[in-house]
Amino acid sequence: MNIASTDIAASGALGIGLAVVGLVLVVLLIGAFALGVRSKRREPPRPRPEEQPRLPADGPVHEIRENREPDEVPRSDQRLTPHEMPGSGNVSSRGSDVEGRPRWGEGHSGSFGSGGSG
C-alpha cells in the first residue's frame, strides 16, 4: 500500500468529519433560533402607550421621613427565631415624637475604622 494514498484518505476523512460537525452546528443554531422565535410569540404583547402607568392627579408621590420608636428584644431563656422577633412584619412599630435625626457626637463616628480618633 502506498503511504501517499493513506495520507490522502486520512485528509479526506478529516475533511468529511469537519463538514459533518459544521453541518450539525448550523442545524443546532437554526433550531435554537426557531425555539427563541416560538417562545417570543407565546409571550404577552408589549403594553400600548395608553396602557402605560400614569402619574396620579395630585402629582408624584414623595417619600415620607419619620422616626420610629425602637422595639426592645424580649428577654427569654430560649433563643428566638427571626419570625418571633418584634417588628418582623407581625408587629407594627410605633411612631416617635422626636423630630430631629439622631447625630453622633464629635469625634465618634459610630463605625469601626472610619478614621476617627482612636
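Glu50 is exposed, with a relative accessible area of 54%. Here exposed means over 50% relative accessible area, buried means under 20%, and partly exposed lies in between (1.4 Å probe, protein chains only). This is a predicted model, in which local features need pLDDT of at least 70, side-chain atom pairs count only at pLDDT 80 or more, and totals for chains, interfaces and linings use all residues. Residues are numbered from 1 along each chain as its sequence is written, and side-chain values use heavy atoms, with hydrogens and water left out.

Glu50 has a charged partner. It forms a salt bridge with Arg48. The term means a side-chain nitrogen of Lys or Arg within 4 Å of a carboxyl oxygen of Asp or Glu. How many salt bridges does a search of the whole structure find? The search finds three. Here they are.

| Salt bridge | N to O distance |
|---|---|
| Arg48 and Glu50 | 2.7 Å |
| Arg48 and Glu51 | 3.2 Å |
| Lys40 and Glu43 | 3.7 Å |

Salt bridges link Arg48, Glu50 and Glu51 in a network.

Now look at accessibility. Arg48 has 47% relative accessibility, so it counts as partly exposed. Glu51 is partly exposed because its relative accessibility is 44%. Glu43, the partner of Lys40, counts as partly exposed at 44% relative accessibility.
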